[in-house]
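Keep the coordinates open as you read.

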Amino acid sequence: MVMAKTDATAGIGSDVARIDGRLKVTGEARYGSDFAVPNPAYAVFKTSAIARGRIAAIDDGAARSVPGVLDILTYRDVGDEVGEAGFFASGGYAGTTIRPLASDRIWHDGQIVAVVLADSFEAAREAAHRLVVDYAAEPPAAGFDGPGVEEEDAKKDDPAKGDAERALREAAVMVEADYATPTQHHNPIELFTTTCAWTGDRLTIWEPSQNVYGIRNGVAKQLSLDPEQVRVVSPYVGGAFGSRGSLTQRTALIALAAKRLNRPVKLMATRDQGYTIATYRAETRHRVRLGADAQGRLQALSHEGWEVTSRPDSYKVAGTSATTRVYACSNIASEVTILHADRNTPGFMRSPPEVPYVFALESAMDELAVKLGMDPIELRRINDTDVEPVGGKPFTTRSLMKCFDAGAKAFGWSERDPTPGSMRDGDWLVGWGCATTLYPTHIAPATARVTLTPAGKAIVRTAAHDIGTGAYTAIALTAADRLGLPLDRIAVEIGDTNFPPAPVAGGSNTTASVCNVVAKACEQVRGQLASAVTAAGDGPFAGSDPNALILAEGELRGPGNASEAIGDAMARASSGAIEAYAENVPDGLQQKALGQLYQGLPALTGGAQMEDRAQFAFGAEFIEVRVNARTREIRCPRALGVFAAGQIVSRRTAESQLIGGLIWGMSSALHEVTEIDRGAARYYNDDLAEYLIPVNADIGKVEVMILPEDDEQVNALGIKGLGELGNVGTNAAIANAVYHATGVRIRSLPIRIEKLLGDRSA
Ligand code: MOS
């Protein structure tokens, strides 16, 4: 339970320290990996040394003779005992359909081939090293341009309108360019762990997760259990961002191991195993063609994308759903192709569709501005629109140009000399770039239970997830606001299937989904208290209209200055607690979506999917880079993001999300790439030493401004999610700044020194 320890009048929109901050920095917060179980056995994975083929033989003699080894599970022991849970993209639970110990088949390098169980971690690791697996290997395809890659037309409903080919032929100015983004991997500080324990026929799973109900229902399906038999606990998560959003391959294997040993089992996968047993960002390629008239008005927009996925799974992100909806344009074409290679199935990674696709679009927009001799902000202004161009649906709110204007002022954009290489500071070439960012505003069904205790404290319980985003704080602020209680009287309990269900913490929906339902439950509590005190024979509210009573500043208040402390009103109304359970089904979804929620299945709506409207959050990102004229070393001393995202619930954690997004954007643009041995289809920089991410010295000044925005349509509280808004535009803003500094257009991420060495136009 997390109790707030701050300011007495805080509510929705307040700037407070996160209420779980103290627990985290003092080590009291228990992450999914931290829970102690009595007498655990330890599991270590052995993973495949080939990317494609079959297991030919297993010799476990030496492994089993290691002292302390309890058992070794391979496909010979497991098979169909762990069943299918369905691929999430087809309405199932799992992030991949690959079931590692179901057969001798090898789909990718690093696939789990054995679970080694021992009394100690060291014995399990030793035995895993001694386990001999022989393979019948076939030549693998690693990805783009690999032999044996299979193409699939991925999207049947590619956004399109008018005649883009004709409009491109007729346009006065045209940009045509190819872009590429690399494979990128999650490196959460909390590794991919699972702990399972059985009590009779009841299973408890401790696992860092973005979807505890998804794990409960998915594992129940795989092991033929009633979901009620499975409890999943994940109160804190040490890095998620999509890496823990869907059911993993490992969870049911560890549950099965615990059942067979009749003993709790703890698994900790290694850092490098995390590269092949969890999700990652797929490698993509793009061709963007923009046609404009001489004034810069877009006449045609065509975006083709190619994405690499695994052999069996048609995972795709298809960010054309966003890039075709940013600017006014009458002729739009798009197409997405996926390529099946011998790789593990990619998956969610912060703003999965938008990051690669918006990099391509916003780079191409900058190229168009250069070709037109136009300021890039003015090009966005001339193509601004109040309706999304594909379906003609009005945006609920769109503050894009307000963000650009506020940002330009704060950044000093008017001082920018547009000529590349012209803003030199000694040995450093200074570049200023900007880009649009956007993210669909999602919401899902959610439930919550709010209890007002006789002492006048409130407890909020819902199986939501705080993946570092500030959900505890946003929920507490909402309850404090609606119950009129000081923040330190609110306790929040989340991340446990013992609580009523909340959606997957994905698609930036948690704040909108959960705060709306918490507000609803608080209103029910107020209503119950008001009904009781107005029905009572005495007291200041006897006979009043219950609907006229409000909760504020620790009091119940009614007409004619009638008021009473909440604790006193509680004592009059009930000698126990007042409790309310609330459900919220967002506009655009049917009541049956609640059933999906209870089953742990995603039921998100929003973005461009709404029938009558389009709902997105927008922002403008500004970057200063400095490129050394001699060495081409790239520095990024300054980043500014200006955003509007409806009602902000928890101001400080919202700003932190956006700052983090900008920093991740710098990481993506300048540092991150998973290098692949193309012959073996194997990752080779799969550790924190060689997978480059920025350190403090790489990050200069990062500033965030959030503009006020009232949106009455998106949901009752007017909340637009912003967890994924921050990093969408940054790749392009940096590439555009690098162009401005050097005159060299880099269309393939990451942008590193070697890509700037050849061309010396500035
Ligand atoms: Mo986020 S990639 O939608 O978990």
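By class, how many nonpolar, polar and charged residues does the lining of the largest cavity have? That lining has 4 nonpolar, 13 polar and 1 charged residues. Here Ala, Val, Leu, Ile, Met, Phe, Trp, Tyr, Cys and Pro count as nonpolar, Asp, Glu, Lys and Arg as charged, and the others, Gly among them, as polar.

This is a predicted model: local features need pLDDT of at least 70, side-chain atom pairs count only at pLDDT 80 or more, and totals for chains, interfaces and linings use all residues. Residues are numbered from 1 along each chain as its sequence is written, and side-chain values use heavy atoms, with hydrogens and water left out.

The largest cavity has a volume of about 170 Å³. (On a 1 Å grid over the protein atoms alone, a cavity is a set of points where a 1.4 Å probe fits but cannot get out; lining residues have an atom within 4 Å of a point. Points are joined across faces, edges and corners, and the volume is the space filled by probe spheres set on them.) Of its 18 lining residues, Gly 95, Thr 96, Ile 277, Ala 278 and Thr 279 are the closest to its centre.

Now turn to domain 2 (32-140 + 188-277) and domain 3 (350-441 + 608-756). These bounds come from an automatic or database domain assignment. Arg 682 and Asp 109 form a salt bridge through their side chains, at 3.2 Å from N to O. (The rule asks for a side-chain nitrogen of Lys or Arg within 4 Å of a carboxyl oxygen of Asp or Glu.) Across this interface the rule finds 1 salt bridge.

Methods
1 Å grid on protein atoms, 1.4 Å probe; cavity = no way out; pocket = protein on both sides within 12 Å on 5 of 7 lines; lining within 4 Å.
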